[in-house]
Amino acid sequence: MKLQGEAKLVRIFLGESDKWQGRPLYEAIVLEAKKAGLAGATVFRGFMGFGAHSRIHTAKILQLSEDLPICIEIVDSEEKIQGFLPTLDQMVQEGLITMEKVEVIRYRSR
């Protein structure tokens, strides 16, 4: 797969405890992105954050949260990202989805 030049970056912010059909939502999103043939997806686990409910979620040892912030980043062409947005809309019941233009400098596999 070749991806170079202008592309789109989608970021999905959700909670670690969010589920989709019995599995972690972040895992389900990455598997759906792979099935859709998207260029790649990465999941980041946050140390601290809050969202629409204004509850603080933290990894501090004395306040150990079981619902840490999760951010998923997906990069691909605008056409492929637009085609994947309805899937995300269905899967993400609570959270934030953003999209921005990015420039892909290098995307290669061996």
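Helices (H or I, at least four residues) and strands (E, at least two) are here DSSP runs, numbered from the N terminus. This is a predicted model, in which local features need pLDDT of at least 70 and side-chain atom pairs count only at pLDDT 80 or more, while totals for chains, interfaces and linings use all residues. Residues are numbered from 1 along each chain as its sequence is written, and side-chain values use heavy atoms, with hydrogens and water left out.

**Stop 1: helix 1 and its charged pair**

Select Lys35 and Glu32. They form a salt bridge (a side-chain nitrogen of Lys or Arg within 4 Å of a carboxyl oxygen of Asp or Glu), with the closest N and O atoms 3.1 Å apart. Lys35 and Glu32 are three residues apart in helix 1, so about one helical turn separates them. For accessibility, buried means under 20% relative accessible area, exposed over 50%, and partly exposed in between (1.4 Å probe, protein chains only). Lys35 is exposed at 65%, whereas Glu32 is partly exposed at 26%.

Next, select Arg23 and Glu27, whose side chains meet in a salt bridge of 3.1 Å, N to O. Arg23 is partly exposed at 36% relative accessibility, and Glu27 is partly exposed at 32%.

**Stop 2: the nonpolar core**

A nonpolar core is a set of buried Ala, Val, Leu, Ile, Met, Phe, Trp, Tyr and Cys residues joined through side-chain atoms within 4.5 Å. The largest one has 16 residues, and Ile12, Leu14, Ile29, Ile72 and Ile74 have the most contacts inside it. Strand 1, helix 1 (25–35), strand 7 (69–76) and helix 2 (78–91) each supply at least two residues of this core.

Centre the view on Ile29. Leaving aside residues up to four places away in sequence, Ile29 touches Ile12, Leu14, Ile72, Ile74, Phe84, Leu88, Met91 and Val92 (contact means heavy atoms within 4.5 Å).

**Stop 3: from strand 1 to strand 7**

Select Arg11 and Glu73, a salt bridge of 2.7 Å, N to O. This pair links distant parts of the chain, with Arg11 in strand 1 and Glu73 in strand 7, 62 residues apart. Arg11 is partly exposed at 23%, and Glu73 is also partly exposed at 23%. The salt-bridge count comes to six.

**Stop 4: a buried glutamate**

Finish at Glu16, in the loop between strand 1 (5–15) and strand 2 (19–20). Glu16 counts as buried because its relative accessibility is 18%. Show Arg45 too: a polar contact of 2.9 Å joins the two side chains. A polar contact is a pair of N or O atoms within 3.5 Å; within protein, one must be able to donate a hydrogen and the other to accept it, and residues adjacent in sequence count only if both atoms are side-chain atoms.
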